[in-house]
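Here is a structure to look at, followed by some questions about the words used to describe it.

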Amino acid sequence: MTTTILLIILTIAVMIFGFWLIQYSGFRNEEKKRLFELKRDSQKAISPIRLRAYERLTLLLERTKPENMIVELQRVHPEALATWTIAQVQQYLLQTIRAEFDHNQSQQVYVSDEVWDMIINARDQMGAFIISIAAQVPAEATAQTYVTALLTAYTSNGTTPTDKALEELKHEAKELM
């Protein structure tokens with residue numbers, strides 16, 4: 001009789017354990033499914049924001065290329081190349097880079113650390129380039145001479161840090177699509 005009772009208790013315990021195991025497995029699967037759907041919905045919401053961040057950072061890099069900054073300088077200050085000093089043009093270019101970067105700094109949360117580091121490097125290298133070309137031009141030279149030297153040196157540099165950052169930015173953006 002005791003063995004029968006023990007056998008019944010053991011059978012009930014095994015059944016309860018089996019039932020619990022099935023329920024636990026079902027709950028885990030349901031939780032995984034909910035997490036997957038949450039992540040999918042989150043990606044749908046984040047992807048457009050991330051793409052806009054890539055677009056803004058692309059604009060940042062494009063706007064801080066010397067040729068584009070010079071075009072903007074001539075648009076905003078048509079007299080600049082005829083009346084400004086080299087130091088004034090240099091200051092304008094450095095301020096443009098700083099302003100563009102400061103305006104887009106929040107976009108770093110949407111890109112990889114590697115891409116953001118490349119953007120920072122491009123900014124720093126561009127600033128150093130602008131300063132180094134100004135140091136190479138004679139002090140009595142005109143702003144036009146400085147701009148010509150800057151553009152000539154930039155176009156003969158081959159692949160620039162800005163180009164590398166743009167390439168990596170585009171590559172990373174394509175992975176989102």
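Q: Why are α4 and α6 called oblique to each other?

A: This is a predicted model, in which local features need pLDDT of at least 70, side-chain atom pairs count only at pLDDT 80 or more, and totals for chains, interfaces and linings use all residues. Residues are numbered from 1 along each chain as its sequence is written, and side-chain values use heavy atoms, with hydrogens and water left out. The helices α4 and α6 pack at an angle of about 50°, with their axes 8 Å apart. Angles under 35 degrees count as roughly parallel, over 145 as roughly antiparallel, 65 to 115 as roughly perpendicular and the rest as oblique, and α4 and α6 are therefore oblique.

Q: Which residues make the contact of α4 and α6?

A: With contact taken as heavy atoms within 4.5 Å, the residues are Ile86, Val89, Gln90 and Leu93 of α4 and Ala143, Tyr146, Val147 and Leu150 of α6.

Q: Why does Lys65 count as buried?

A: Lys65, in the loop between α1 and α2, has 11% relative accessibility and therefore counts as buried. Leaving aside neighbours within four places in sequence, Lys65 is in contact with Met126, Tyr154, Thr162, Asp163 and Leu166.

Key:
Axes are lines fitted to C-alpha atoms, for helices over the stretch in contact, and angles run from 0 to 180 degrees between N-to-C directions. Helices (H or I, at least four residues) and strands (E, at least two) are DSSP runs, numbered from the N terminus. Buried means under 20% relative accessible area, exposed over 50%, partly exposed in between (1.4 Å probe, protein chains only).
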